[in-house]
Every structure is written in structure tokens, then in C-alpha cells.
Amino acid sequence: MSLLPVESISALSRLHPKPAQIHFQYGTAGFRTIASVLDSVLFRVGVLAGLRSKKLDGKTIGVMVTASHNPEQDNGVKLVDPRGEMLDTSWEIHATALSNAQTTDDFIRELEKLVQALKIDLSKPARVVYARDTRPSGASLVSSLEDGIKAIGAEGRNAGATRETPQPLTIDCANGVGAPIAARLVEYLGDTCLWFWKTPLNNACGADYVKTTQKLPPSLAGRLQPGQRGCSLDGDADRLMYYYLDDRSHFHMLDGDKITALVAAFIVELVKTSGLDSQIKVGVVQTAYANGASTKYLSERLPVRCVSTGVKHLHHAAEHYNIGVYFEANGHGTVLFSQPTQDILASYEPTTPAQSTALEHLRNLNQLINQTVGDALSDMLLVEVVLAHKAYSGNEWDSLYVDLPNRLVKVVVVDRTQFKTEDAERQLVSPVGLQQKINELVRRYDGGRSFVRPSGTEDVVRVYAEASIKTQADELAFRVAGLVYDESGGNPATRPKEFL
Ligand code: 16G
Ligand code: MG
């Protein structure tokens, strides 16, 4: 059986002497008092957290450095058990005893008593995760805690360390109906976290510009800084496209598929953490335009249905899930909570603090999301909430999956009504025989996928193609476009030359 690492504990403990005359008490929410006397307590809590983790076979123990609503000059520390609940009350007395040992030798004697009494196997691993609030005293108290974690040989992880100050978000409202509302929103949120930029209505700006050109609206050039994220709404504020500039100022688009992946994965996680996963099933609805990589990413996590293009089809299908997440790649979409699900959320009684937090987040999302119709500003707030919770930058969000190269081509045909589809627009049934030819072509491309459908808003037929490399996706799209053109009786003399 291993022994206490007495040497390292002694050496480090001497750096954190207990102030004389002060009696500490592990109370309702841990130790809490004026921050200037807490140094030794933090060190000793670090050691104790390591022992508690060993006692629980290496399960992770949490330590939170905070004095909640108390004045700024106060601080405190509390221990959290592996499932997120408060420290087992039978250990509070050990915490109090250790914190009051007068000298380093007394402290070590107390530790030895504790190890013996509780039969702690010191050869077990120990893991401690910790964080602090924003009090000025927090940083130095955390470093005392880290000394304690080190002294007992536990593995420590600072869960608050990587959180950077959130970058402001730039919103391009295409100067449409979202613009005056976004301007009001900025009044509430302050311009450090939200900027709003005016541009001529739908002129080289807005969600459609971003999706079709895959470029930053020129009016935002020089305003969006590397690492910063922005978003564009369309004129009637029912489409949302996100994007960011990487460190080298390269533009990256985060479309409706990326929004689905971000939001659906977050909701699934909350449902699971809240303990409601046997009662609430989350599902996703997409169209054939969803990037194949997004469909793969999502299908590995939850049920995914494909329906015909158009919000009405997606919305209707999403109503069949307990929580249905739908976004078209072009940025239309929302999340729907069924009535029975809303009832469950309202009445469910969580049994641990972690369940309770997750439940609260679900209830808040249910309030935040506009479930009547895809509403770009409400969707934007939803995305911001998830990014803040996950502490994701644009780059981290983008890395959930890597888009397959793709190409969308329009074909002007004599009569687009001769094009008829089935299987959520993925198969052409008319003109007869054309689907067969497309299938033969697709088979020749690695990772190839292509479908053809008549547009519902323009007098054209749309061709979509994907392949594992960009030049192949382009070539496949143009070849399918060529088949469509020829099949529809297009004049060979006016056949676009890129339709190979
Ligand atoms: C409309 C639809 C949109 C669809 C698009 C397809 C609504 C509110 N909008 O904008 O959902 O993606 O048409 O256009 O339903 P297309 O048929 O020309 O490809
Ligand atoms: Mg619109």
C-alpha cells in the first residue's frame, strides 16, 4: 500500500501557513470568508480533493472557487462530487478538521488519521477539475489550490482557464426588416458583444449573398477581424448564415447544416445530462441539399430525416419528433419542442445539481427559440448561447465536421415542369431514363452524389453534386447539367460549354 507523499506535502504546505487565531468551518456552501485569510484553506482543499478522488477510485472531483453573491473582497471554495452534486456531507467534518490544523506537522497527522480511518488506497489515481469566478482574489487562490493538488500527486485540470473574452459578433441584416430590431437588441446587449452593420438592402450582402458566393459581404471587409465571427440575415430575416475569418483572414462559412450540427448535438447532450433521454427523443430534418458530411455527423448521433425543399416540409416533419431540429443548408430553420415535451420539462424533478442545470437550460431554450417560424434573430441568439456554453470559437464550431466539396448549377430548360421527382427530391421519375444515366455517372466519382430538381422559385432546373475533391464535384455537377440540358430538348448550339 502506498504512503502519503509526506515530503511534497510538507514542502508545499510551508508555503501556505494557516493564519493563527482563525477557526475555519466547512459550511453549507463550503468555506467562505474574507479572501485574504483563505490561502491555506485552498491548499488543503486541493489535497483533500485528491484524497476524495482516490477514495472514489479515481473519479473526478470538482473544486469551485467562489463566494457567489457575497461582496467582492470575500471568496470561498466548495467541493463537488463526481456527478456534479455537493460533497458528501460526511466529508465536511474532515474538511473542517484539515483546515484547522495549526502547523504543517499537525496537518500531516490529520491526513494520516483520515487515510487510515477511511481506508483510502493511496495507490489509486486522483483527478480534480477546478474553476473560479471573476473575483480579483481568485487567481492567487487557484494557484494555492493547484499546489495542494500537486502535493498529493493528483491530476488537475483548470476548466476555466481557456475561456477567452468572447469576441463581438458582427451582424449584417442586409438592411432588411431585421435591421431595426437588431439595432434595438444592441441597446440591450451593448456594443462590446454585438455590432450591427448597415448595408444597402440585399445588395452584395445578406444570407443569400454569403451562401451563393461563399464570400464575406464586401461591406464587412476590414470590419470583421481575424478570429471574429459574423452573421448575415436575409431581407425578411428568416435566413441566417454564420462565418468567421481564420488567423490568416481566410473566410469560412457556417451554414444551416453547421447550425443544425451545433444545436442538435447541444440539445442531445442537455437531454442526456438532465436524465430525460428515455422520455425525450431529439431528431433532425434536412433536405437533399444538406452536405453529406453533416448528414453523416448527425446520423451517428440521432435520427435524421430527409424531406423535400421548402420550410413547410421541414417544419411539418420536425413536429413528429419530441424535439425536432431543422435547418435548410441555406439558413432557414428552427427547433420545435412538442407539447408533451414542454409538459415534461415543466414538471420534471431533477435529482442532482447537474440534472437541474441541464433542465434549466432546456427550459430556457424552449423560451428563447421562435417555434412558430424560422426567425433569424432568435436563431442567432440560439447559436450564441450554444457557442458561449461550449466556449467554442468559429473555428471549433467549424471543426465538428468537414464539408464535402460540392457544386450547385442552374440549367435553363425549355420546360421545367417535365422534371418530376420522388424520394424527397433525390430521384427523378421524369424524364424517364434520366435518373439511370445520372446514377451511372455518379458511380464513377469517389464520394459522388448528385440530384436534380426543378426550382420552385425560378424558371430553372437545379443540379447539386458532391464528391470527395472539389474539381470532381464541379465536373460531376456540370456533366449532370449536360445530361439535363440534352434530355430536356435544349438546342445543341446554345448548350453552355462547361456542360461537358
Ligand atoms: C423558398 C423557401 C425555402 C427553399 C427555397 C428553394 C420558404 C420560406 N422558403 O425560399 O425554404 O429553400 O424556396 O428555392 O419556404 P428553389 O425551389 O428555387 O430551389
Ligand atoms: Mg427570406
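Me: Where is the place of Thr66?

Reply: Bear in mind throughout that this is a predicted model. Thr66 is found in the loop between strand E2 (60-65) and strand E3 (74-80).

Me: Is Thr66 buried or exposed, and what does the side chain of Thr66 reach?

Reply: A residue is called buried when its relative accessible area is under 20%. Thr66 has 12% relative accessibility and therefore counts as buried, and its side chain reaches the backbone nitrogen of Ser68 at 2.9 Å.

Me: Which residues coordinate the magnesium ion (ligand 2)?

Reply: The ion is held by the OD atoms of Asp234, Asp236 and Asp238, at 2.0 to 2.1 Å. Along the chain these donors follow the spacing D-x1-D-x1-D.

Me: How should I read the domains, and which bounds does the assignment give?

Reply: The domain assignment of the protein chain gives domain 1 (6-158), domain 2 (169-254), domain 3 (256-398) and domain 4 (406-499). Between the C-alpha centres of domain 1 and domain 3 there are 39 Å. Separately, an unreviewed UniProt entry places the feature "domain: Phosphoacetylglucosamine mutase AMG1" at residues 255-392, a stretch that is 54% helix and 14% strand, with its end C-alpha atoms 16 Å apart.

Me: What is found at the start of H13, and which residues in H13 are buried?

Reply: At the start, a side-chain oxygen of Asp375 comes to within 3.0 Å of the backbone nitrogen of Leu377. An α-helix has 3.6 residues a turn, so residues three or four places apart point the same way. In H13 the buried residues include Leu377, Met380, Leu382, Val383, Val386 and Leu387, as well as Asp379 and Glu384. Just after H13, Ala391 takes a positive phi of about 55°.

Me: How many bridges join strand E16 to strand E17?

Reply: Three bridges join E16 (residues 420-422) to E17 (residues 427-430), and the two strands run antiparallel. Lys420 stands opposite Ser430 in E17. The strands form a hairpin with four residues between them, and Asp423 in the turn has a positive phi of about 55°.

Technical notes: Residues are numbered from 1 along each chain as its sequence is written. Chains are lettered from A and ligands numbered from 1 in the order in which they are written. This is a predicted model: local features need pLDDT of at least 70, side-chain atom pairs count only at pLDDT 80 or more; totals for chains, interfaces and linings use all residues. Side-chain values use heavy atoms; hydrogens and water are left out. Donors are N, O and S atoms within 2.8 Å of the metal (3.2 Å for Na, K and Ca); water is not among the atoms, so sites may look incomplete. Two strands pair if DSSP finds at least two bridges between them. Domain bounds come from an automatic or database domain assignment. UniProt positions are given in the numbering used here, feature names are shortened, and annotations may be inferred rather than shown by experiment. Buried means under 20% relative accessible area, exposed over 50%, partly exposed in between (1.4 Å probe, protein chains only). A polar contact is a pair of N or O atoms within 3.5 Å; within protein, one must be able to donate a hydrogen and the other to accept it, and residues adjacent in sequence count only if both atoms are side-chain atoms.
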